[in-house]
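Visitor: I have a new model on my screen and would like a friendly tour. Could you take my questions one by one?

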Amino acid sequence: MSARLEAEHLFKVFGRKPDQAVERLRKGADREELRADGITAAVIDASFTVEPGEIFVVMGLSGSGKSTLLRMLNGLLEPTAGRVRFGGQDLTELGDRGLREVRSTKISMVFQHFALFPHRSVRENAAYGLEVQGVPRAERERRADEALALCGLAGWEKSWPDELSGGMQQRVGLARALATDADLLLMDESFSALDPLIRRDMQDQLLELQKTLKKTIVFITHDLNEAMRLGDRVAVMRDGRIVQLGTAQDILMRPANDYVASFTQDVDRSRVLTAGAVMDREVRGDEAGCDCETATPATPFVELCAISARVPHPVAVLDEGGELVGVVPRQRLVGFIGDEQAAPGTCDSTRRQGGGKVMAHA
């Protein structure tokens, strides 16, 4: 099982007298005040915990501080203030040698632009981290081949990077991170250089791998749809600060401020929301008293629309024990879609495509 990652009141300030700048920030100074003095506050008082096996996404626009934050997590940048702990070990207290050991054995990074060695084969690129660790050649090649197979690259081991597509090159980068068997993966805009279809394929690949590997992952992106799709939880950054932290549904339904709300307005809600997020919890107790289809709190919104189109009454939502925990009236679905004409069409179209069933005793 992966270890727990903790970030505690992290600051990163570039410029003269950074410690004094941190004190000014703690006392209420804003980023612009410091910038006027030639000081850049890249990350301001960032705190969060990433649980074992969780995909934690940090998203924000360019300049929000997300990549700087990521680089403090593995010691590539030293925090001006604050602490980073992983598996109970305080990484901010380690020297250069200790950090190199952590980065070679416990923490792997997947970069945006692949960072493959053009003069090394696919297998040699995937085995590079193991080579740094001093793993014998036969062992590192075996582990590299296993990681490449996990990433869908079996048969390409002897190829050269320039013989691969962009998506395949990124899979090599992912395989290199997996081959070391590190518990923590740091992914810095790892899919943003890819074409949309390849990008979605890589997202699928990551989610599929995570079902088996259960790594602790911190994923950086500027794309909210990607954040919502991948993240168990999402931290939204603006001007160096985390302005909201929660599940994708929390952020979509309860944005902390206008800035976050502006991000969410174009998100396809049908791909994020579930029955548990939209159901009416005020139930009488007799809504499930028939043999119609029901949903669970985890039923995706699109599937919920399909069920609603097939039943003549509000959809009953049952928990794992078969107890009624909520209902979803059709007009509530329409309200969440936000377009009274489009919402019924969504349900009808899903029904025509054979949307999946969630069957339970009613």
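Predicted model: local features only at pLDDT ≥ 70, side-chain atom pairs only at ≥ 80, totals over all residues.

Visitor: How many helices and strands does the protein have?

Guide: Both are DSSP runs numbered from the N terminus: helices are H or I with at least four residues, and strands are E with at least two. On that basis the protein has 16 helices and 12 strands.

Visitor: What percentage of the 362 residues is buried?

Guide: Buried means under 20% relative accessible area, exposed means over 50%, and partly exposed lies in between (1.4 Å probe, protein chains only). Among the 362 residues of the protein, the buried part is 49%.

Visitor: Which side chain of opposite charge is nearest to Lys 12?

Guide: Lys 12 sits in strand β1, residues 5–14. Lys and Arg count as positive and Asp and Glu as negative, with His and the chain ends not counted. Lys 12 is buried and has no salt bridge, a term for a side-chain nitrogen of Lys or Arg within 4 Å of a carboxyl oxygen of Asp or Glu. The nearest side chain of opposite charge is 6.2 Å away, and belongs to Glu 78.

Visitor: How far is the backbone oxygen of Glu 78 from a polar atom of the side chain of Lys 12?

Guide: Leaving aside neighbours within four places in sequence, Lys 12 is in contact with several residues, including Thr 40, Met 72 and Glu 78. From the backbone oxygen of Glu 78 to a polar atom of the Lys 12 side chain, the distance is 2.6 Å.

Visitor: Where does Lys 214 lie?

Guide: Lys 214 is not a glycine, yet its phi is positive, at about 50°. Lys 214 counts as partly exposed because its relative accessibility is 42%. Its place is the loop between α9 (196–213) and β8 (216–221).

Visitor: And what is the relative accessible area of Asp 239?

Guide: Asp 239 is found in the loop between β9 (233–238) and β10 (241–246). Phi of Asp 239 is positive, near 50°, in a residue other than glycine. Asp 239 is partly exposed, and its relative accessible area is 41%.

Conventions. Residues numbered from 1 in each chain as written. Heavy atoms only, no water. Polar contact = N/O pair within 3.5 Å; in protein donor to acceptor, adjacent residues only side chain to side chain. Contact = heavy atoms within 4.5 Å.
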